[in-house]
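Please keep the structure open beside the text while you go through them.

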Amino acid sequence: MRRDHEVEFVAETDVIVVGSGAGAFTSAITAAKHGASVIQLEKATEIGGTTKKAAAAYWVPNNHFMRQKGWADPKDDALRHMARLTRPQHYDPDKPHLGLTEWEFVMTEAFYDNAGPAVEQLTKWGALEPIPWDIQPDYYAQMEENKAPFGRIIYPHRFGGAPDEVGDGTDMIAVFAKIADEAGVDLRLGHAVSKAVVDDQDRVVGVIATTDAGDIAVKARQAVIFASGGFTHNVDLRTSSLPGPILSGCAASTNTGDFVPIAQALGADLVNMNGAWLAPMVLDRAIANRPDQVCSFSIPGDSMLWVNRYGKRVVNEKAPYQDVVPTFWAWESQKAEYPNLALVMIWDESCKQHHSGDKYGNPMIPDGGDQAHIVRGDTLEALADAVQERLAEYADRIGGWNLDPDFVSTLKSTIQRYNDFATTGIDEDFHRGEAPIELYFNMGGRPGNDKNETMWPVSDSGPYYATLLAPATLDTKGGPRTNPDGQVLDRSGEVITGLYAVGNCAGAMSGGSYWAGGATLGPIITSAYLAGRHAAQTSTRVEEPAAASV
């Protein structure tokens with residue numbers, strides 16, 4: 001933090017926006033459309049942040065597509081569904097806040113009330129080109145509280161594509177950038193914001209950004225909006241904050257939690273710092289930590305299962321990715337170990353033929369693709385040897401974690417039990433294939449399987465294939481507490497004047513849950529729209545009058 005009298009501003013604007021993902025662009029465009037001048041500062045040398053790497057679905061309750069089709073999504077029902085997922089241990093439909101804290105309830109209610117209008121307005125401006133995706137169920141479509149299991153998910157249109165062609169985050173960012181430029185937003189790359197500038201009344205009036213030419217100060221007459229992402233790639237902060245081991249993440253590599261110390265210096269109240277958007281990731285990718293790495297969001301396959309270091313199956317392999325990760329964190333007290341720190345994904349030749357692909361982080365890459373993370377064995381014994389050898393390469397990164405000496409014998413028993421389930425179509429251990437989202441994630445079954453398309457007996461002869469999966473994040477979801485307009489609150493609940501936060505650099509009201517596909521970007525876009533509008537409509541600060549001379 002710096003005082004304004006200590007710095008020399010090189011530029012001045014009404015609103016500064018930090019970042020260039022969906023949240024940042026939404027705030028920048030909204031502020032500009034409401035009459036504010038905007039300078040947008042991005043740390044990286046290219047735009048897009050984590051949004052650019054994402055499928056970029058956004059979850060919008062009671063959206064205009066649903067209303068046009070006559071699909072009901074009443075507010076009370078939607079709030080109960082979100083509350084049930086956010087705080088299941090406290091949920092009570094008869095309580096005024098449904099078991100949520102007052103802040104969580106207010107923020108969740110504001111999301112429901114404003115998500116649809118925000119998307120409609122952004123669409124009118126051309127900043128969003130939404131395509132409804134009615135075939136994808138919510139992650140918890142089967143829950144009693146979910147009265148609208150289909151219809152809330154929207155995808156971006158492919159930039160310049162056919163009318164109904166679905167795009168991804170790259171397309172979303174391309175549209176945002178085009179409209180921001182047309183709205184007069186001054187976008188500057190290579191500006192890593194490291195400090196806030198405050199006046200003598202502790203109002204935020206600008207920022208310090210590090211550039212190739214040195215540190216510069218930019219003044220904001222009305223507000224600074226941070227939309228700079230979480231702290232996935234800040235190992236120290238990640239390790240001290242999250243509730244279990246995380247080996248990497250697929251957020252933009254610039255997401256190192258830069259806003260956390262800034263917010264702390266300004267007295268912000270940090271919330272949900274133990275929360276993250278979770279997903280498994282191929283261990284080899286996590287170790288490599290490449291900027292283009294992705295998590296494994298949906299893993300198809302039927303003659304495929306995951307086992308721990310003892311060769312035991314420990315999770316429903318088709319469960320939503322957020323729900324799988326806590327299994328990696330199981331602690332065995334007598335041995336003082338994480339037996340599931342990595343899970344060995346095993347599949348056979350027929351699964352390879354039917355389910356190979358490269359979408360959404362599928363580890364079963366087709367021939368000709370990058371298969372460096374895959375090991376092969378003609379027998380289960382040979383496969384286990386190959387897995388052990390791969391794990392030994394990473395021993396210094398995973399505490400020497402490796403397979404148990406009895407791994408193969410236990411694995412054979414595990415496969416036999418799995419095959420018995422696959423024959424009947426009923427997974428008596430983990431109920432695989434019983435939830436609508438699990439069928440969607442499987443992306444279709446093989447011909448002749450009319451019992452459970454997610455399960456098929458593993459072959460009794462090789463070759464067999466394996467890869468290692470590890471706990472990771474899409475990004476973290478902890479940061480300063482805000483009000484529905486995105487204004488950052490201090491530890492006494494008062495607004496820190498001039499400071500806003502949206503997206504994964506702000507504290508999320510959803511706790512540790514992941515409501516549905518697009519439940520990251522839906523709230524991000526909504527809160528960013530509200531923040532941009534509020535910041536633009538805040539009166540320009542009036543300088544204090546000079547003392548009268550005597």
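1. Pro-463 sits in the loop that runs between helix 13 and strand 17, where helices (H or I, at least four residues) and strands (E, at least two) are DSSP runs, numbered from the N terminus. The peptide bond that joins Gly-462 to Pro-463 is cis, with an omega of about 5 degrees.

2. A word on the basis of these notes: this is a predicted model, in which local features need pLDDT of at least 70 and side-chain atom pairs count only at pLDDT 80 or more, while totals for chains, interfaces and linings use all residues. Residues are numbered from 1 along each chain as its sequence is written, and side-chain values use heavy atoms, with hydrogens and water left out.

3. Asp-202, in the loop between strand 8 (192–198) and strand 9 (204–211), has a phi near 65 degrees, which is a positive value in a residue other than glycine. Asn-289, in the loop between helix 8 (283–288) and strand 14, likewise has a positive phi, of about 55 degrees, although it is not a glycine. Asp-202 is partly exposed at a relative accessible area of 45%, and Asn-289 is partly exposed at 40%; here buried means under 20% relative accessible area, exposed over 50%, and partly exposed in between (1.4 Å probe, protein chains only).

4. The largest nonpolar core has 115 residues, and those with the most contacts inside it are Tyr-58, Met-172, Phe-176 and Leu-283. Helix 4 (residues 102–125) gives the most to this core, contributing 10 residues. A second, separate core has 27 residues, among them Ile-16, Ala-263, Ala-268 and Leu-499. In both cases the term stands for a set of buried Ala, Val, Leu, Ile, Met, Phe, Trp, Tyr and Cys residues joined through side-chain atoms within 4.5 Å.

5. How do helix 3 and helix 4 cross, left-handed or right-handed? The axes of helix 3 (residues 75–86) and helix 4 come within 10 Å and cross at roughly 135 degrees, which makes helix 3 oblique to helix 4, and the crossing is right-handed. Axes are lines fitted to C-alpha atoms, for helices over the stretch in contact, and angles run from 0 to 180 degrees between N-to-C directions. Angles under 35 degrees count as roughly parallel, over 145 as roughly antiparallel, 65 to 115 as roughly perpendicular and the rest as oblique. A crossing is right-handed if the near helix is turned clockwise from the far one by less than a right angle, and left-handed if anticlockwise.

6. Helix 4 also meets helix 14 (residues 521–537), and here the axes come within 9 Å and cross at roughly 75 degrees, so that helix 4 is roughly perpendicular to helix 14. Contact (heavy atoms within 4.5 Å) is made by residues including Phe-111, Ala-115 and Trp-125 of helix 4 and Pro-523, Ile-525 and Tyr-529 of helix 14. The residues of this contact divide into 9 nonpolar, 4 polar and no charged, where Ala, Val, Leu, Ile, Met, Phe, Trp, Tyr, Cys and Pro count as nonpolar, Asp, Glu, Lys and Arg as charged, and the others, Gly among them, as polar.

7. Helix 1 (residues 22–33) packs against helix 14 at an angle of about 30 degrees, with the axes 7 Å apart, and the two helices are therefore roughly parallel to each other. Gly-23 lies in helix 1 and counts as buried, at 7% relative accessibility. Not counting residues up to four places away in sequence, Gly-23 touches Ala-227, Val-502, Ile-524 and Ala-528.

8. Helix 9 (residues 321–328) has 6 buried residues out of 8, so it is largely enclosed by the rest of the structure. Its buried residues pack against several elements, including strand 13 (276–282), strand 15 (343–348) and helix 13 (436–442).

9. Leu-411, in helix 12 (residues 407–424), is buried, with a relative accessible area of 0%. The C-alpha atoms of Leu-411 and Gly-311 are separated by 4.4 Å, although the two residues are 100 residues apart along the chain.
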